[in-house]
Amino acid sequence: MSVGSDNMPATAPAVSTRPAFVRHAPYFIAAAIVVALAASMQFDGYVLNILMQATTFSIAVFGLSVVLGLCGQINLAQAAFFGFGAYAVGIGTTDLQMNYWLCLVAGCLAALAAGAFLGMSTLRLGGHYLAMVTISFQQIVTLVMINAIWLTHGPDGVSRIGRPALFTTSQGYLAFCVAMLAIVGYLVWHLPDTKLGRAMRAVRDNELAAGVNGIDVFRTKVSAFAICAALGGLAGGLFAGGFAYVSPDQFSFAESIVFLTMSLLGGVASPIGSAIGTGLLILIPEWLRFLKSVPGLYLAIYGLFVILIIRFMPDGIWGFVAAALDKWRTKIKTSPATKTLQLKPAMVGGDIVLEVQGLAKHFGGLKAVDNVDIAVRRGGVHALIGPNGSGKTTTLNVLSGLYKATSGRILLDGVDITTMPPHQRTAAGLGRTFQNIRLFRSMTALENVEIGAERPGNTMIGAGGGAALTERAMEALTFVGLGSRANEPITSFSYGHQRLIEIARALASNPTLLLLDEPAAGLNSTEKLELHELLKRIAAQGLTILIIDHDMTLVSEAAQHITVLNFGRRIADGESMAVLRHPDVVSAYLGSE
Amino acid sequence: MKLTRREFAAGIAAGLAAPTVVTSARAQSATIKIGMCAPVTGPAAESGGYAIKGAKLALEAVNKAGGILGKQAELIIEDDQTTNPGIVLAFSKLAAQTDIVAFLGSIRSTQVHAISPDVMKLGKPVMIGGTDPTLTHMGNQWLFRFRPNDSYSGRVIADYGVNVLGKKKWAVLHSTDAFGTAGGKALSSALEKLGAPSVLDQGYANQSQDFTPVVLAIKQSGADILGSYFTFENDLGIFARQLRQLGVNIPWVGSPSIVNITALKLAGPALYGTYGVADYAEESSEGSKAFGKAYRELAKVAPDNQSSWPYDAVTVLAAGINKAGTTDPVKVREAILSIKKFPGAEGEYNFDQNGDGLHGYNIVRNEKGTIVFDKHIEFND
Amino acid sequence: MDLVLQLLFTGIGIGAVYALVALGFVLIFRATNVVNFAQGEFSMVAAYLMVVCVEMGLPYWLSFVLALVGMALLGVIFNLGVYYPLRHRTYLPVIIATIGASILLANSVLAIYGPQPQVLQGWFETPGIQLGPVYLDSQYLLIIAVTIALVIFNYWFFEHTMLGKKLQATSQDKEMASLLGISVSTMIMITFIYSAVLGGLAGILVAPILFVSIQMGSTIALKAFAATIIGGFGDVAGAIIGGLALGVIETFGAAYVSVPYKDGFAFLVLVAFLVFRPQGIFGERVAEKA
């Protein structure tokens, strides 16, 4: 499994002048005070137990905020992963007489491995499957906990679980758990700003776009899932030490739902929300005891609230508060980059940048693309045109790897990319935009473009530090004329500007070949002119463009070379003016007499 | 639904703020306090209500007879939510009140397991109703049991089947939860000691929808008697019907669930002629009859073991403290352990050094839907 | 051999129950692309409605009709309260909302009716017939018959009636359907009603065997769910075959491998399918359009 530890915030490059640990000092001071309070204040057993439960549960819910909040994948088996950690510590410290720390680590690793395995087996499929598989996994784990008596003591559970020698008192142990909570909270808080975190958000917002921007979607999802599971395992291990007793019913499907609701209630997107949700869902049942005298009533209300929260507070309590706070925060205007964007497309191969040979894509009996050859020359604008349904977009999707070619070969700068997944093609130098704009809608313009700039193999960002990324992204945004609005969220931009941001995202990655899928669609005439100007400026830097569009004015003025498709076949190819006058092309567009 | 986000948020805020009213004003009076964890909420809330009524009935009697150490006794009830984490919280809440001298735990074995470490730490007597034999055999000296444990139910089932019904080829069927596993184990080992080891030992998971494979296994094993530990009545009902449908009519001696009202309603004629063990049987002794009468008057429902064990627990605890003459936990413990031939609702209490008060069970019979007391089987070890 | 036949009959019987519930899943999934986690609770609610009606002294057939009418209403409420407000969001919020609905339904019934399981009489006076070495439970026979009838009905309904064709069109391409003048929201409403009634039918049919309890729906639903994936999500015939296969596998697995792990077989088969043949028995993998 490749949960890149190098992606963790610990190595997050310092963006500002002061190092991260100085800027975040207030957080650590506050955390230290809370830990000290947990260690020194006199709680009675009841308060202690509530705090212990809230602390350990919060860590498990942090896991959900990673997988669900950041990466947009569902996990209905968090209680099972929680159980992995709890049983590892439980069985390890009692039956096997092992060291507590060893058990805790083993529990995390077991959960991590199980999470990664589960993710790898199903994350290629859609969300419903994942929901179903995690439920199945949860059920199987519960069955094993109950029935594998030789290992788990069955339904009796494991009692007299040990604690580490340093923290044998309940208060000391609580302080330790709070410290762990603070550390994990810090890491999860900063995860979104790391490369892995950005990848997760991109995958959540738009999987296809993430793929064509060089993000290994599958790996990202598996990583998110594994991190979630590992945090569940850690939380479970801490829980077991805290309560000294574990039994299967504490790790049932119902508990997984409780974790999920905690996450949703507080706000799935941030650790603060997770902590709020967890705290509330532990305290509310204590307050609402009177409702529980009728069996079912409390849970019925609980179910109702889940529906209402989803309906009215999709971002949870913290999301709600954060949105309100955002209104008060003044928008920071960014100053456009001073340097102009440098496009230095790689020049490894010969005169032909993209060579497509005998490409075919069949959907069942339908031959959407059939035996098409295209040769795109370096440094020019090449247009692919044809009437509706002629197979243009299908061709583009096969080129960028969203569809698998039925037959044929695609060479990019001499490299055979025919069987590569989208993110590898991007790494190989392909950039693209979409006809129906696919931006990461929860992010700012700058963040969108940063993800593009982060493409593996981008030589324009130096070692790939955060500052270089931001600089590159700012240059790209400035290049398309949106430098001063970099920090605004995508939703505040007009349709035409969103299109420009998508182009900037592709440009920031410094591609060898840029695929533009109907960039003029939906633009008004002024915007079309601006687009034309932009294309000229791009081409002027030597970047090769393959463009699909219906706008014949744009195509004929911008492109030197045109390939025409009809019914999935190439009917004409050559220098622009000649092709446009070709009788087959004329009849394809106007219908033959 | 015309609810805006804002209104919804305001509603949540109001809902959260309201219940923060301080609940307990600790009355500092001259009473002896007994803590009780009971399922006031959750799946077992109904039986939790019975348990509380049973305990209160005993408390009334104790106070009428002069109280404990001359003071009136008081019951502090905390909700265990029918869950393990719930009882841990409830018990810790009670344990934090230093003036509570002793506690009533749970009838559920896993819940007792869950609080057991805390009980050890606290070092005060806790009366329990959970019947998992290991509870009083794992070095926790502060647990005192007021129901016969499952090793006795197993022994009674085995004894009755082998010695009274004269059957030696046993099929043992049990659920795979804590209760069923412990019971099945106890029955199998009792059968082995009687020289009639089971020919089939079969577990099943709770909430099974179908028992055909189990019934066919019993049929094939050639067993001539069946012993069972069912947790849920609907499983018992489905099994009983399929057993009869597939033509198995061997004698059947089951754990207490086989004679409970729900099971009788669900399974109907399929359970006619079966035997069950019951820790509480109304006609089994004078003490049982007396409790039954008093309980019926108070609760207006039939008495059962849910209410009888807390009744006995409070009565015996009061007697123990009075005998010790102090609330010092160690002395109270010794006093309870020295209690012999004490008549209670569940039977005659003779505490052993493990803290088990009862050592026998009643056998009852299903006579066309009515439960009839058959005999009491008691062991001395 | 006798043993095998008996197990086969039971397996098919219990499998038919899964298939009935799976059918409800598939219909909603095809129409809305949403997995309804409260489908099992539909069965449970219907069984309780039936018990209430029968206890009020109504004739069995009338109770049956009333219970199904009640389910149709529940389908309407469910659509308006749970699905419709979220129809423009991604699948994730909808899944979670249906989970919430399942908790709400199960516990509302618990609050009203209490935790004790209830008895519902079967359709027939005779509990079953002995056919040679095999005992055929009459209620299971009825369930199998109803399943077969529903397969035929569904085929006729979706292929040969205008309403059925409109529903088909809606589930395949909503935009196209609305261009053709089909009211998509009406079609989705009809789907929820039909699916709630189907789920209810399954619940009423199975109640005499499994008794009426709060958990009756959730256990069946999980298996039915597995059945839909095994059959190929979105495929009606697949759901039926998947359900039957699961019932048989489970019964034989319990008989020859392990009784306590019986529920595990369904999930193991499911995981195996997801790993090796995610498109199910019949399904075709459909890529998201760029």
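Trainee: What conventions apply here?
Mentor: Residues are numbered from 1 along each chain as its sequence is written, and chains are lettered from A in the order in which they are written. In this predicted model, local features need pLDDT of at least 70, side-chain atom pairs count only at pLDDT 80 or more, and totals for chains, interfaces and linings use all residues.

Trainee: How do you know that the span of helix α3 of chain B agrees with expectation?
Mentor: Helices are DSSP runs of H or I, at least four residues, numbered from the N terminus. The expected span is 1.5 Å times one less than the number of residues. For the 12 residues 84-95 of chain B that is 16 Å, and the end C-alpha atoms are 16 Å apart, so the two agree.

Trainee: What makes α3(B) mostly covered?
Mentor: A residue is buried if 20 or more other C-beta atoms, placed from the backbone, lie within 10 Å of its own. In α3(B), 12 of 12 residues are buried, including I87(B) and F91(B). The covering elements include α3 (45-70) and α11 (217-243) of chain A, along with α4 (109-122) of chain B.

Methods. Helix = DSSP H or I, 4+ residues; strand = E, 2+ residues; numbered from the N terminus. Contact = placed C-beta atoms within 7 Å.
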